[in-house]
Amino acid sequence: MDAKKTIFSAPGKIILFGEHSVVYGHPAIVTAINLRTKCIVTESLQNEIQLSISSDYSLNGPSAGLKREYTMNKEQNEFIAQYSNYEQPVNPAYYFITERVLHLSASKKYPHIHIDSEIPPGIGLGSSAANSVASLASLSAFMELELSMEKLNELAFEAERIIHGRPSGVDNTISTYGGIQFYKEKKFSQLNIPNLSSYVVIVNSGIPRNTKTYVEKVAKLLEEDTTKYQKILEEIGKLTTIAKSNLMEGNIQKIGDLMTQNQLLLEKLGVGHPILTELTNSLVQLGSLGSKLTGAGGGGCVIGLFDDYQKANRAVEEMKNKGFQAFISSLAERGVQVEQ
Ligand code: PMV
């Protein structure tokens, strides 16, 4: 690759099965989706380390058209805004990533790092991990530093820890390696699935959610009624294991059923929301084989599995007509990759 310009992209994710129960040692199944972050690194024209971020969350979401420009300030250990039409401060993970790659590299070049993401932040689609993985890959290639996939994933996990405190590592792993990952007790295995004609429709409910709040809610419920809630978590765990073999056999109908069952269990667990239930029901009416919330719950996104592209596309249009942000993705999208 021409090291005057490096471009890498990395995917977001959805949890197909096992959110919350995974916190208690049960398995989870996660897939990479086709919403990606692209990171373009070029030589800075100003002999300064620069970072710019533009976001166009594909579907005219409220964050479309945001632009931010920063320069790195090593004394203050942060990127300082030169221009920003976005009120959120810059993610400190970018400083960590840039500092670490520059430290490991022998090259003395000044990079300009540009982030361009299609993944809406804060709705459980793994945007921060995708940003970290794409920028680590692109920046290290620009700085002529050869990072193994393992090292890249490890650094992305460190970046995730800066942002989220105690993440499971699912988001950075799926963004690095892509595909579908089965995760249990800190171990990941890639699921080899047959070439399925299957599509996931992802709908953003627009209801804000917070992973920490809902993880704590489940912990509290477990304390109050251990038998009841442990049983629900175990059932989700069993169902996730059944989903694993069905995915590998390509039983798409059964996977849909299991998703709907998982949704009912998540509702029993207290992480549902009437709007999420309404959206899952609408997706089923629109021809989905099964539907559930994805991620922490209480808001955020729901997903519906389809075996027919036209139907999935119609569902996306229908959801958009109702004012929701909606996307269509295949399962098992590619992990981090070089772009032309
Ligand atoms: O909504 P997300 O992507 O933050 O997923 C949360 C998944 C949980 O199982 C609820 C928490 C976790 O750390 O696994």
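This report describes the ligand surroundings and selected salt bridges of a predicted model.

## Ligand shell

The residues surrounding the ligand are Lys13, Ile15, Glu19, His20, Val22, Val23, Gly124, Arg209, Thr211, Val215, Gly295 and Ala296. Sorted by class, this shell comprises five nonpolar, four polar and three charged residues. At least two residues of the shell come from β1 (5-17), and at least two come from α5 (211-224).

The position of the ligand can also be described in terms of domains. Residues of domain 1 (5-189) and of domain 2 (199-329) both contribute to the shell, and the ligand therefore lies between the two domains.

The ligand taken alone exposes 380 Å², of which the protein buries 84%.

## Glu19 and its surroundings

Glu19, one of the residues around the ligand, is located in the loop that joins β1 to β2 (28-43). Its relative accessibility is 2%, so Glu19 counts as buried, the cut-off being under 20%.

Gly295 also belongs to the ligand shell. Along the chain, Glu19 and Gly295 are 276 residues apart, yet their C-alpha atoms are separated by 5.9 Å.

Side chains of opposite charge can pair when their charged atoms come close. The whole structure contains nine salt bridges. One of them joins the side chains of Lys109 and Glu144, with an N to O distance of 2.9 Å. Lys109 is in the loop between α1 (92-104) and β6 (111-117), whereas Glu144 is in the loop between α2 (127-142) and α3 (149-164); the pair therefore ties together parts that are 35 residues apart in sequence.

The two partners fall into separate accessibility classes. Lys109 has a relative accessibility of 18% and counts as buried, while Glu144, with a relative accessible area of 57%, is exposed.

## Salt bridges within helices

In helix α5, Glu216 and Lys212 are four residues apart and thus separated by about one helical turn. These two residues form a salt bridge in which the closest N and O atoms are 3.7 Å apart. Glu216 is partly exposed at 46% relative accessibility, and Lys212 is exposed at 60%. Helix α5 is also one of the elements that supply at least two residues of the ligand shell.

The closest N and O atoms of Glu317 and Lys320 are 3.9 Å apart. Both residues count as partly exposed: the relative accessibility is 41% for Glu317 and 32% for Lys320.

Key
Residues are numbered from 1 along each chain as its sequence is written. This is a predicted model: local features need pLDDT of at least 70, side-chain atom pairs count only at pLDDT 80 or more; totals for chains, interfaces and linings use all residues. Side-chain values use heavy atoms; hydrogens and water are left out. A residue is near a molecule or strand if one of its heavy atoms lies within 4 Å of it. Accessible areas come from the Shrake-Rupley method with a 1.4 Å probe; for residues, only the protein chains shown count as cover. Ala, Val, Leu, Ile, Met, Phe, Trp, Tyr, Cys and Pro count as nonpolar, Asp, Glu, Lys and Arg as charged, and the others, Gly among them, as polar. Domain bounds come from an automatic or database domain assignment. A salt bridge is a side-chain nitrogen of Lys or Arg within 4 Å of a carboxyl oxygen of Asp or Glu. Buried means under 20% relative accessible area, exposed over 50%, partly exposed in between (1.4 Å probe, protein chains only).
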